[in-house]
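Let's learn to read a protein model together, one feature at a time.

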Amino acid sequence: MNPSERIDQLIAGITDWRGKTFAGVRKSILSADRGIVEEWKWMGSPVWYRDGMIAVANAHKGKVKLTFLYGAKLADPDKLFNAGLEGSARRAIDFLEGDKINERALKNLVRAAIEYNQSKLKKAPAGAGTKVGKSRKA
């Protein structure tokens with residue numbers, strides 16, 4: 001099974017509100033940029049990449065958590081980040097039951113993460129690799 005199929009299976013197995021929220025988050029991420037690649041990491045976590053890691057998502061009891069690897073470096077004018085605010089690198093969005101996904105703002109945050117990743121690549125020494133993947137949910 002490829003990573004996108006595993007993520008499909010994960011979402012299908014979450015039969016409460018978290019499954020719909022997870023699916024909506026995923027849709028927003030993938031629609032932010034056509035070059036985004038999905039991976040399956042850390043024993044069952046969907047991860048999205050574009051010129052480096054963007055974010056990882058998990059369904060927890062009572063919430064869906066979307067963690068941006070370099071969230072502390074990103075502008076968040078819509079104040080989506082509501083968890084991990086004390087960290088020096090990561091920031092997260094905890095979606096609780098009844099929360100609506102601000103698709104426009106989430107896409108902008110994903111695009112900001114991609115821009116951040118690309119800016120790091122410009123500073124990287126020649127020959128430094130980036131994450132390349134083959135799977136992407138259409």
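Q: Which residues does Ile101 touch, not counting residues up to four places away in sequence?

A: A contact means heavy atoms within 4.5 Å. By that rule Ile101 touches Thr21, Gly24, Val25, Ser28, Phe95 and Leu106. One of these, Val25, is 76 residues from Ile101 in sequence, yet their C-alpha atoms are 7.1 Å apart in space. Before we go on, a word on where this comes from: this is a predicted model, in which local features need pLDDT of at least 70 and side-chain atom pairs count only at pLDDT 80 or more, while totals for chains, interfaces and linings use all residues. Residues are numbered from 1 along each chain as its sequence is written, and side-chain values use heavy atoms, with hydrogens and water left out.

Q: Where does Ile101 lie, and is Ile101 buried or partly exposed?

A: Buried means under 20% relative accessible area, exposed means over 50%, and partly exposed is in between (1.4 Å probe, protein chains only). Ile101 has 27% relative accessibility, so it counts as partly exposed. You will find Ile101 in the loop between strand 5 and helix 3.

Q: How many helices and strands are there in the protein chain?

A: Helices (H or I, at least four residues) and strands (E, at least two) are DSSP runs, numbered from the N terminus. Here there are 3 helices and 5 strands. Along the sequence they follow the pattern α-α-β-β-β-β-β-α. Of the 138 residues in the chain, 43% are buried.

Q: At what angle do helix 1 and helix 2 pack?

A: Axes are lines fitted to C-alpha atoms, for helices over the stretch in contact, and angles run from 0 to 180 degrees between N-to-C directions. Helix 1 (residues 3-13) and helix 2 (residues 17-32) pack at about 150 degrees, with their axes 9 Å apart. Angles under 35 degrees count as roughly parallel, over 145 as roughly antiparallel, 65 to 115 as roughly perpendicular, and the rest as oblique. The two helices, helix 1 and helix 2, are therefore roughly antiparallel to each other.

Q: Which residues of helix 1 and helix 2 meet?

A: From helix 1 come Ser4, Ile7, Asp8, Leu10 and Ile11, which meet Gly19, Phe22, Ala23 and Arg26 in helix 2.

Q: How many aromatic pairs does a search of the whole structure find?

A: Rings of Phe, Tyr and Trp (its six-membered ring) pair if their centres lie within 6.5 Å; planes under 30 degrees apart count as stacked, over 60 as edge-to-face and the rest as tilted. The search finds 2 pairs. Phe68 and Phe81 have ring centres 5.5 Å apart and planes at 80 degrees, so this pair is edge-to-face. Phe68 sits in strand 4 (residues 63-68) and Phe81 in the loop between strand 4 and strand 5 (91-95), 13 residues apart. Both Phe68 and Phe81 are buried. Tyr70 and Tyr116 form a tilted pair, 5.1 Å centre to centre with 45 degrees between the planes. Tyr70 is in the loop between strand 4 and strand 5, while Tyr116 is in helix 3 (residues 103-123), 46 residues away.

Q: Is Arg90 buried or exposed?

A: Arg90 has 51% relative accessibility, so it counts as exposed. Arg90 is found in the loop between strand 4 and strand 5. Leaving out residues up to four places away in sequence, its contacts include Phe68 and Gly84.
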